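Subject: Structure handover

Hi,

Here is the structure for you to look at. My notes on what was found follow below it.

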Amino acid sequence: MAPIVESGASLDGIPALIGIASAFALIFTMSMFAWICCQRKSSKSNKTPPYKFVHMLKGVDIYPENLSNKKKFGADDKSDSKDKESLKAKLPKNSLHLDLESRDQNGNFTKTPAKVRSSPEIESVHPKAFPEGENNSVSSETSASDKSLAPSEEENSGPKLGSLRFSLKYNLDKKALLVNIIEARGLPAMDEQSMTSDPYIKISILPDKKHRVKTRVLRKTLDPAFDETFTFYGIPYSQVQDLTLHFLVLSFDRFSRDDVIGEVLVPMSEINLNEGKVQMNRDITRRNCRKSVGRGELLVSLCYQSTTNTLTVVVLKARHLPKNDVSGLSAADPYVKVNLYHDKKRISKKKTHVKKCTLNPVFNELFVFDIPCEGIENISVEFLVIDFDRMMKNEIIGRLVLGTSVEGTVGEHWREICEHPRRQIAKWHCLSDG
């Protein structure tokens, strides 16, 4: 019996040894996994990320595809000039290389380069893409248009605002329009202290205004080299001739609204994209801020509830609104802002939803305002029809004020509201300038 007891005691210690061994194995495995993860993370952080922007706007992929070698990463700060020259000789032409010593913290050149290099695709346009006759006709048309515009610009706009160089190409397979913004030259200084500008460019396709993008901001330069390519998908070739490209050149301001330098309008009907890429150089002109004479009409309905001392305002619809875009080609994106005033002091405000690309919007939105005093003798209601713009300041299309001090049909409408409480009264009113 004694040998049987000793063998049983030795067997009882085996599970404990197995548990200790498995714990040590687990600890060793976890430490190795953590070490491998750290090594991979450090190796990824040392790799150079590609210099590429991705814009996602309203389901449209818009991204710069081609950048010159000046704007790509991948150089050593501590290398000598001889090492750099030897590396440049060894590296291929398309390698990623940048002299980081000549850039500031924002990634811009501290000194303006003597020669601006455009995209490789633009410089290497195949000579067969343009026959001699068509090439000469395009150049003669552009030169003639530039010469015809030059005298009027010098007489009306005063100082020159610079020029913009870009290229256009249409991809039939992808149904996409490629716009490459190469550079701008001779921009005016918008900052009086530093006598420089922080330019960037906003691009939109008129008249729909569905495709709107902008370049990056280049700090403290009057000759910015953007070299960014944007691809606009979903544009059939049959509709390209009906479009107009709008380039708006601005200067970034950190503490106030960005300054508008000028604009460039390019009707696509004047450009032939059948043969390939077209490179253009256009003068920047002052922004056209002229508006239409007619402001349109607005249908509103009001009802005064004397028992609850509330005013119900219904914004029904508008019609014949003007095309308030800078080019006068595209429809507005209107909405209505309603302000309630008591003794010329605003006490409440509300607004409708934005209606996209229409000059005859239908709102059908109801608002209820609490009146702070008995009666509406000292109350007035202001309606502002505003054109919504995601990238620029919203512009007022028209204005309407209802109150006791207003004369004409607007005053009659307000008197009917006061004389017939608990009755919803609707009327059309012409909008005035905002």
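Start at Phe28. Its relative accessible area is 53%, so Phe28 counts as exposed. Phe28 sits in helix α2, residues 14-46. Together with Met32, Trp35 and Ile36, Phe28 makes up a nonpolar surface patch. The accessible area of the four together is about 420 Å².

**Confidence**

Please note that this is a predicted model. Mean pLDDT for the protein chain is 75, and 66% of the residues reach at least 70. Among the elements, strand β15 (residues 362-370) has the highest mean, 95. Helix α4 (residues 120-123) has the lowest, 40. Two stretches need care. Over residues 48-82 pLDDT stays under 50, and the model has 91 contacts there beyond four places in sequence. Residues 92-102 also stay under 50, with 27 such contacts. Where pLDDT is low, the predicted coordinates should not be read in detail.

**Strands**

Strand β10 covers residues 278-283, and its side chains alternate. Val278, Met280 and Arg282 point to one face and are buried. Strand β3 (residues 163-171) pairs with β10 in the antiparallel sense, over 6 bridges. Within this pairing, Ser163 stands opposite Asp283.

**Salt bridges**

The structure holds 9 salt bridges. Three of them are described here.

Arg185 and Asp223 meet at 3.7 Å, N to O. The pair links distant parts of the chain, 38 residues apart: Arg185 is in strand β4 (residues 176-185), Asp223 in the loop between β6 and β7. Arg185 is partly exposed at 30% relative accessible area. Asp223 is partly exposed too, at 25%.

Glu228 and Arg216 meet at 2.4 Å, N to O.

Arg399 bridges to Glu382, with the closest N and O atoms 2.6 Å apart. Here strand β17 (residues 395-403) supplies Arg399 and strand β16 (residues 379-387) supplies Glu382, 17 residues apart. Glu382 is buried, at 8%.

Last, a network. Salt bridges with shared partners join Arg165, Glu183, Arg185 and Asp223.

Best regards

Terms used
Residues are numbered from 1 along each chain as its sequence is written. This is a predicted model: local features need pLDDT of at least 70, side-chain atom pairs count only at pLDDT 80 or more; totals for chains, interfaces and linings use all residues. Side-chain values use heavy atoms; hydrogens and water are left out. Buried means under 20% relative accessible area, exposed over 50%, partly exposed in between (1.4 Å probe, protein chains only). Helices (H or I, at least four residues) and strands (E, at least two) are DSSP runs, numbered from the N terminus. Two strands pair if DSSP finds at least two bridges between them. Patches are made of residues with over 30% relative accessible area and no salt bridge: like charges are joined within 9 Å, nonpolar side chains (Val, Leu, Ile, Met, Phe, Trp, Tyr) within 5 Å. Accessible areas come from the Shrake-Rupley method with a 1.4 Å probe; for residues, only the protein chains shown count as cover. A salt bridge is a side-chain nitrogen of Lys or Arg within 4 Å of a carboxyl oxygen of Asp or Glu. pLDDT is the predictor's confidence in each residue, from 0 to 100. Contact means heavy atoms within 4.5 Å.
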